[in-house]
Every structure is written in structure tokens, then in C-alpha cells.
Amino acid sequence: MTIMTRRQMLGAGLGLGAALALGACGRGSGDTGTLRVGALGKVSALQQDPHANLSNDSDFMIASLVFDPLTVPGADPTVQPRLAASWTADPDQRRWVFTLAENATFHDGSKVTADDVVWSLRRLREIGGESKVPVRAQDITADGPGRVVLTAATPNTQIPLLVRLMTFTVKQGTTDFTKPVGSGPFRLESYRQGSARLVRNDAWHGPKPRLEAIEITPFESVDALSNAVLGGQIDLASNVGAIAGRTAAGRGDLQVIRRANDTAVAIAMRTADGPFADPRVRTALRMAADRDALVAQAFSGFGAIANDVLGTGDPQYAKDIPQRRRDVDRARALLAEARFDTGASYQLVTKEEAPGEAESAKLFAAQAREIGVKLDVVVQDSGTFYDRTWLHAPLYTVNWGTNDSVLFYAAKLMAASSNRNETAFADPEFDAATAAALAAANPSDYGRAIKGVQQIEHDRGGYLVWGMADGIDIASTRVRDLPTLGGFGRVQLERTWLS
């Protein structure tokens, strides 16, 4: 282990808690059953309440291993059981019944009941709103000790997905989480300034976790996280980014895990009014994008081009829609037809949030100049962006770090009634197709409806979705069976082990 002074560690971007944890990890390095994990996390944003806004990756990882959500991400199907062993819906796709795992217990030995789940979901709904729980608090009820009922206001096939991963269950009445009691695969043994040691829960209702313990250390910056795994202070750097992945690629003692379809980086174009309201102008901007160059430069090649539809990891993603390619001449012609003012300059607002996001805005601005569109890139801090720009500005970058279903994005971001409609998109045909997909009772009806949703999004929606960034983890070659799912699937470490 590389020796660092306290001053050097703090200068590298580690907090005091991270420094202490790394010291502890060094003392326990002979324990092959302990996985040492680093994840991004700022001391100023530490949060132990699993129902609060967990903006730190490190906090979210801790919560995901200590507490059980109802469902978790999967490959195909994209929703897998966790605390809920199974679920069914009525023919109208409104009343969903979740049956809990029969032998689920909390870490103190008490049984997990439907009342615990109902209390937790209602609390999460009150704190996080509809984006966290898709039904009203009064429509979450218990049906006996082992069944929970969620009743949606309108038909909704997506309820199992919408309660995926975030719906952490706590004991009824719990509001103090300094010594959390969950029902997940690991229990908290110690916690200090964001650094946590978790030990295996041998009584977990799922398959026995393979690791004896997991030590999670927060790092203030990607550079500090990258340096820690390159230097051997940790076994796994979670979601560390493409630049670090490229550095580690040639190392024989390290492995680079690429999680495809991890983060969508896109440009939101306001459709209701303003300079980009004409669909011909939006199509011209899409045709200006050199997608291959954007992926190569903004993602360092760790990604793939996209086709202006959100949800590329969905098994129902419409791969048969022809890939849109760069066409400068056609883009110029569309701008002329729309009488777009090429003499003016327009702001493209971005922020340094997702890896490559701000850089991609600058690259796209250079590409847009070739069709006669002058874009001035404005980089804002995240606070200013979400206070002033998001949902309001004519043109800005967005990123979505979980690769949910096509229908999830359609209903949450593009339906006219959504309070997160980033492009102010209001299209009756699109809303009708979305409603039909939400209500579909059989696969054929759903397939037809969701194809229509994607075709409209591609043809006249408000997003320029040019690429999907891979999620990049770096790990010691001793670490086996790491998650490969995009988005927050990376925190599912219960099947990981050390050779």
C-alpha cells in the first residue's frame, strides 16, 4: 500500500473519513473476504436517510446494500424480485399487488411486514413526491401481513419498474438512521464521516452474499478515486469514468468493467415556443450532430451513438428505426424552409455534471456552425442550472444516469402532463400512444403502442440524443462477478466475490 501523509490525502481530494477508512483497509488487507470500494461522495452532502435525496454515490451504495427495495434492475426482464417475491396486476393495470418474500427479516431479527413497507412507501412519497413513488400515499395499503397494494389513478404497466431500487424499506416509525436497521444483504457495522463497514447478513432472505464484508469510502473527486484504485488502496472504483478507464486498460493487475447504456447525454430543445419550436429546425440540429465524433471525443470512445430516443437498454427499444446520420446539406435546407434566423446567436447551456457533458456541448456547437447555427456555450454550476435553466431555457444539455424503459422516459419527461417535461413537448398523438402503452394488457398491444411512441419521439420530439456513455468501473483482477448492468445496477454487489 502506498503511504500518504494526512495532508497529501486531503490534497488529493479525500475527506478525513476517507483517509481513516483507507488506513483501516490497509490493516485488514489480509482479509480476502472484505471488498474495499471507493465511490464518489462529498462530505458536505452526506446523507444516511434512505428516503432523502442520496446525491452521493457512496451513500446510495450503502443504502442499497443495507435496505431492501421492492424490486431491482435486471437485464431481460429489466425488473427482478427483491423484497417483493412476486407481483400481479388487475386487468385494468391499475391495482398492483406485491407479495413479500416469506422469510424476509430485519437485521434485529424481527419479521418484515406489509405495514413496514406501506409506512416506508408513504414516507418516501411524502419526501420525494411522485418521481419516487408513482401512486398517492393513501393508495398504498396492506392486504394482510405479506401483501402490499399500490393502486394507480390511471392504467400503468410500469409500476414494478417505478418501485425499482429506490423503495428502501425501514421498520415502521423509523426516522433516525444513525444506526440503521434494514433487511438487505449486508448490515452496518460502523460508520464515520461517510465511510462505512458493512458485514454479511447471514439471515438474508436471498442467496447468501459471497463477501464477508464491504468497506465503502467516499472520494470527493474522480481524480482521487482513480488514484486510489491505481495505487491499490481500494479494490473497486465505482463509476470512475472513461479517462480513468483508459489509464487502467493496460494494467495487468486491474480490470476495466464497461457497463453499456449507462448514461444518456442529450440536448433538450424547447418545442412549445422560441427558436426551436419548428420541428424542421430540431431535425436540422439532429442532422448537424456528428455522433461518432462526439462519442470518440466526449466519451473517449467508451460509449455508443444513439438515435434520438431515450431508453436504449429497453428490450423494446426500436432498433428498426433507421439511424439518423449527419447531413449538413439537408440540415441547411430544413433551416431555410423554416426561415430560421442564422444571423443570430443562441445560448446552449450546460453543466459539468455527467462525464463529457460540458465537453460535448462545446463539440456540438462547433459542428452546428457548419449548418449556419451559432451557439454560445454557457457553463453553469448545477445549482444555478436547476434553478434557472432546467425546464425553461430554449436549449440545454441533460443527462440521465439510469437506463430505464422507453415508456418510463416517455411518461416522465415527454407527456404533456408531466412536471418534468424538459422540452415542453405537447403532442396529442404522442400522449395517446403513451397512454395506450401504459394500459396495454398484452405484449402485442404494448409492442405496437411503444413503437409508435418511439417513432414520434424520433421524428418530432424535443431531444437530440446523440450518444450513450458506458459506465466505467475499475477493479483489481481479484474481484469477480461485478455487476454489468447500466445505471444504478452497479450497486448490486451481493454476488461479487474475491479470488
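Me: What is the strand order in the open sheet of 4 strands?
Reply: A word on the source: this is a predicted model, where local features need pLDDT of at least 70, side-chain atom pairs count only at pLDDT 80 or more, and totals for chains, interfaces and linings use all residues. Residues are numbered from 1 along each chain as its sequence is written, and side-chain values use heavy atoms, with hydrogens and water left out. Strands are DSSP runs (E, at least two residues) numbered from the N terminus, and two of them pair if DSSP finds at least two bridges between them. The pairing in this sheet is antiparallel, and the order is β4-β5-β7-β6.

Me: Which strands sit at the edges of that sheet?
Reply: An edge strand here pairs on one side only. That leaves β4 (84–89) and β6 (140–142).

Me: And what is the average twist from one strand to the next?
Reply: Axes are lines fitted to C-alpha atoms (for helices, over the stretch in contact), with angles from 0 to 180 degrees between N-to-C directions. From strand to strand, the twist averages 20 degrees.

Me: Which residue of β7 stands opposite alanine 142?
Reply: β6 and β7 (residues 147–151) run antiparallel and are joined by 3 bridges. Across from alanine 142 you'll find valine 148.

Me: At about what angle to β6 does helix α4 run?
Reply: Helices are DSSP runs too (H or I, at least four residues), and contact means heavy atoms within 4.5 Å. Helix α4 (residues 114–128) lies across β5 (95–100), β6 and β7. Its angle to β6 is about 170 degrees.

Me: Over to β12: how many bridges pair this strand with β16?
Reply: β12 (residues 254–269) pairs with β17 (residues 463–476) in the antiparallel sense over 12 bridges, and there arginine 258 has isoleucine 472 as its bridge partner. With β16 (residues 395–400) the sense is antiparallel as well, and isoleucine 267 stands opposite threonine 397. The count for β12 and β16 is 6 bridges.

Me: What volume does the second largest pocket have?
Reply: On a 1 Å grid over the protein atoms alone, a pocket is an open set of points with protein on both sides within 12 Å along at least five of seven lines, while a cavity is a set where a 1.4 Å probe fits but cannot get out. Grid points are joined across faces, edges and corners, and a volume is the space filled by probe spheres set on the points. For this pocket that comes to about 690 Å³.

Me: Which helix supplies the largest share of its lining?
Reply: Lining residues have an atom within 4 Å of a point, and among the 30 here, Glu130, Thr154, Asn156, Ala411 and Lys412 are the closest to the centre. Both α13 (406–414) and α14 (428–439) supply at least two residues. The largest share, 5 residues, comes from α14.
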